[in-house]
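Subject: Handing over the structure

Hello,

Here is the structure I promised you. Please open it and keep it in view while you read my notes.

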Amino acid sequence: MGITHHSNYIRWMEEARIDFLEQIGWNYEKLEEMGIVSPVIGVEGKYRKSTTFSDTVSISVFIDEIKGLKMRIGYVMKKEDGSVAFDGYSEHCFMDRKGKPVRLKKDYPDFYEALIKSGAKEE
């Protein structure tokens with residue numbers, strides 16, 4: 001059909017999130033070495049305009065909020081003409097390797113500070 005399958009937007013969210021964390025100095029390898037895991041606990045999104053396989057899509061990522069054990073990340077995907085094709089959020093919690101919840105502000109203050117410096121809102 002030539003139209004990008006809806007599931008690709010979720011994959012793009014993950015790729016953008018990984019790139020964002022790397023850009024602020026906290027790639028997944030570093031987090032895993034520290035024992036931090038951050039599973040996705042929710043995803044929501046709005047498909048605004050369809051894209052095709054030949055479209056170039058830019059993705060903006062931002063930390064919408066951090067509260068307690070959770071973080072909400074926002075995404076805006078735009079086509080080359082600047083029109084929004086998709087916007088959405090993913091929600092994550094933080095745990096150690098054993099599945100015990102961790103509070104970033106208390107347990108990993110350097111990582112927490114990097115998220116705040118990136119523009120995250122504290123709740």
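Ser54 sits in the loop that links E1 and E2. Strands like these (E, at least two residues) and helices (H or I, at least four) are DSSP runs, numbered from the N terminus. Is Ser54 buried or exposed? Ser54 is exposed, because its relative accessible area is 66% and the cut-off for exposed is over 50%; buried means under 20%, and partly exposed is in between (1.4 Å probe, protein chains only). Ser54 and Ser7 are 47 residues apart along the chain, and their C-alpha atoms are separated by 17 Å.

Before you go on, note that this is a predicted model: local features need pLDDT of at least 70, side-chain atom pairs count only at pLDDT 80 or more, and totals for chains, interfaces and linings use all residues. Residues are numbered from 1 along each chain as its sequence is written, and side-chain values use heavy atoms, with hydrogens and water left out.

The whole chain

The chain holds four helices and four strands. Their order along the sequence is α-α-β-β-β-β-α-α. The C-alpha trace spans about 45 × 25 × 20 Å along its principal axes. The chain has 123 residues, and 33% of them count as buried. Now take contacts (heavy atoms within 4.5 Å). Among those between residues at least 6 apart in sequence, 61% join residues at least 24 apart.

The loop between E3 and E4

Two residues here deserve a look. Gly82 lies in this loop. Gly82 counts as partly exposed, because its relative accessibility is 41%. Gly82 and Ser58 are 24 residues apart in sequence, yet 9.0 Å apart in space, C-alpha to C-alpha.

Ser83 is also in the loop between strand E3 (70-79) and strand E4 (84-93). Why does Ser83 count as buried? Its relative accessible area is 14%, so Ser83 is buried. The side chains of Ser83 and Asp81 are joined by a polar contact of 2.6 Å. Such a contact is a pair of N or O atoms within 3.5 Å; within protein, one must be able to donate a hydrogen and the other to accept it, and residues adjacent in sequence count only if both atoms are side-chain atoms. Ser83 is also in contact with Lys49, Met77 and Lys78, leaving aside neighbours within four places in sequence.

Tyr89 in E4

Tyr89 belongs to strand E4. Tyr89 counts as partly exposed, because its relative accessibility is 23%. Its C-alpha atom is separated by 8.4 Å from that of Asp64, 25 residues apart along the chain. Not counting residues up to four places away in sequence, Tyr89 touches several residues, including Met13, Phe62, Asp64 and Tyr75.

H1 has 17 residues. From its first C-alpha to its last, H1 reaches 25 Å, close to the 24 Å expected at 1.5 Å a residue; the expected span is 1.5 Å times one less than the number of residues. Which residues of H1 are buried? They are Asn8, Tyr9, Met13, Ala16, Arg17, Phe20 and Leu21. They pack against helix H2 (28-34), strand E1 (40-47), E2, E3, E4 and H4. Just after H1, Gly25 takes a positive phi of about 90 degrees.

In H4, the buried residues are Phe111, Tyr112, Ala114, Leu115 and Ile116. These pack against H1, H2, E2, E3 and helix H3 (104-107). Gly119 follows H4 and has a positive phi, near 115 degrees.

The core

A nonpolar core is a set of buried Ala, Val, Leu, Ile, Met, Phe, Trp, Tyr and Cys residues joined through side-chain atoms within 4.5 Å. The largest one has 26 residues. Ile63, Ile66, Met71, Phe94, Leu104, Phe111 and Leu115 touch the most other members. Helix H1 (7-23), strand E2 (57-67), E3 and helix H4 (109-117) each give two or more residues to this core. Leaving aside neighbours within four places in sequence, Phe111 is in contact with Leu21, Trp26, Leu31, Ile36, Phe94 and Leu104.

Happy exploring.
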